Amino acid sequence: MKDIDWTTDFKGAITICDLQGTVIDMNERAVEAYRKDGGRDLIGKSLFDCHSEPSRNRLRQLLETGESNIYTIEKKGIKKLVYQAPWLQSGQRMGMVELVLEIPMNPPHFLR
């Protein structure tokens with residue numbers, strides 16, 4: 001099977017950090033979303049330097065426990081789903097991945 005890099009043109013922002021909170025990868029959408037904060041230059045930088053104290057505490061907790069953190073935000077009239085979860089390699093927790101996806105203001109909800 002060929003190596004497929006599906007993240008490059010994925011329509012959501014993907015940012016990955018290691019267990020110390022250092023950004024180790026970003027897709028193009030994340031680079032663009034965080035351009036004013038440094039864009040691609042954020043790779044190799046600590047997420048703790050990019051956030052306020054309440055967010056740093058939450059990030060520290062997520063990195064220590066391996067919990068997921070899921071919420072929505074609205075910025076400039078655009079609603080986004082933020083999904084932060086651990087990423088694993090060979091069953092070992094290696095850090096966190098953050099997906100930020102634009103969603104409708106009132107997305108349909110289905111009971112299945």
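**Figure 1. The lining of the largest pocket draws its largest share, 6 residues, from strand β5.** This is a predicted model, in which local features need pLDDT of at least 70 and side-chain atom pairs count only at pLDDT 80 or more, while totals for chains, interfaces and linings use all residues. Residues are numbered from 1 along each chain as its sequence is written, and side-chain values use heavy atoms, with hydrogens and water left out. The largest pocket holds about 1200 Å³ of space and has a lining of 38 residues, with Tyr34, His51, Lys75, Glu98 and Val100 lying nearest its centre. A pocket is taken here, on a 1 Å grid over the protein atoms alone, as an open set of points where a 1.4 Å probe fits, with protein on both sides within 12 Å along at least five of seven lines, and lining residues have an atom within 4 Å of a point. Grid points are joined across faces, edges and corners, and the volume is the space filled by probe spheres set on the points. At least two lining residues come from each of β1 (13–18), β2 (23–26), α1 (28–33), α2 (53–65), β3 (69–75), β4 (78–89) and β5 (92–103). Sorted by class, the lining comprises 20 nonpolar, 6 polar and 12 charged residues, where Ala, Val, Leu, Ile, Met, Phe, Trp, Tyr, Cys and Pro count as nonpolar, Asp, Glu, Lys and Arg as charged, and the others, Gly among them, as polar.

**Figure 2. The elements of the protein follow the order β-β-α-α-β-β-β from the N terminus on.** The secondary structure amounts to 2 helices and 5 strands, these being DSSP runs numbered from the N terminus, with helices (H or I) of at least four residues and strands (E) of at least two. The C-alpha trace spans about 45 × 35 × 30 Å along its principal axes. Of the 112 residues, 26% count as buried; buried means under 20% relative accessible area, exposed means over 50%, and partly exposed lies in between (1.4 Å probe, protein chains only).

**Figure 3. Strands β3 and β4 form a hairpin with 2 residues between the strands.** The two strands pair in the antiparallel sense over 7 bridges, pairing being assigned if DSSP finds at least two bridges between two strands. Isoleucine 73 has lysine 80 of β4 as its bridge partner, and threonine 72 is partnered by leucine 81 in β4. Within this hairpin, lysine 76 takes a positive phi near 55 degrees.

**Figure 4. Strand β5 pairs with β4 and also with β1.** The antiparallel pairing of β4 with β5 runs over 11 bridges, in which leucine 81 stands opposite leucine 101 and valine 82 has valine 100 of β5 as its bridge partner. These two strands form a hairpin with 2 residues between them, and serine 90 in the turn has a positive phi of about 50 degrees. β1 is likewise antiparallel to β5, with 6 bridges joining them, and threonine 15 stands opposite glutamate 98 in β5. Alanine 85 has its place in strand β4 and counts as buried, because its relative accessibility is 8%. The C-alpha atoms of alanine 85 and glutamate 64 are separated by 12 Å, although these residues are 21 residues apart along the chain.

**Figure 5. Glutamate 53 belongs to helix α2.** The side chain of glutamate 53 makes a polar contact of 2.7 Å with the side chain of arginine 56. Such a contact is a pair of N or O atoms within 3.5 Å; within protein, one must be able to donate a hydrogen and the other to accept it, and residues adjacent in sequence count only if both atoms are side-chain atoms. Glutamate 53 is classed as partly exposed, because its relative accessibility is 38%. From C-alpha to C-alpha, glutamate 53 and proline 107 are 32 Å apart in space, with a separation of 54 residues in sequence.

**Figure 6. A search of the whole structure finds 0 disulfides.** Cysteine 17 is in no disulfide, and the nearest cysteine sulfur, that of cysteine 50, is 11 Å away. That distance is too far for a bond, because a disulfide is a pair of cysteine sulfur atoms within 2.5 Å. Cysteine 17 is buried, with a relative accessible area of 3%, whereas cysteine 50 is partly exposed, with a relative accessible area of 41%.
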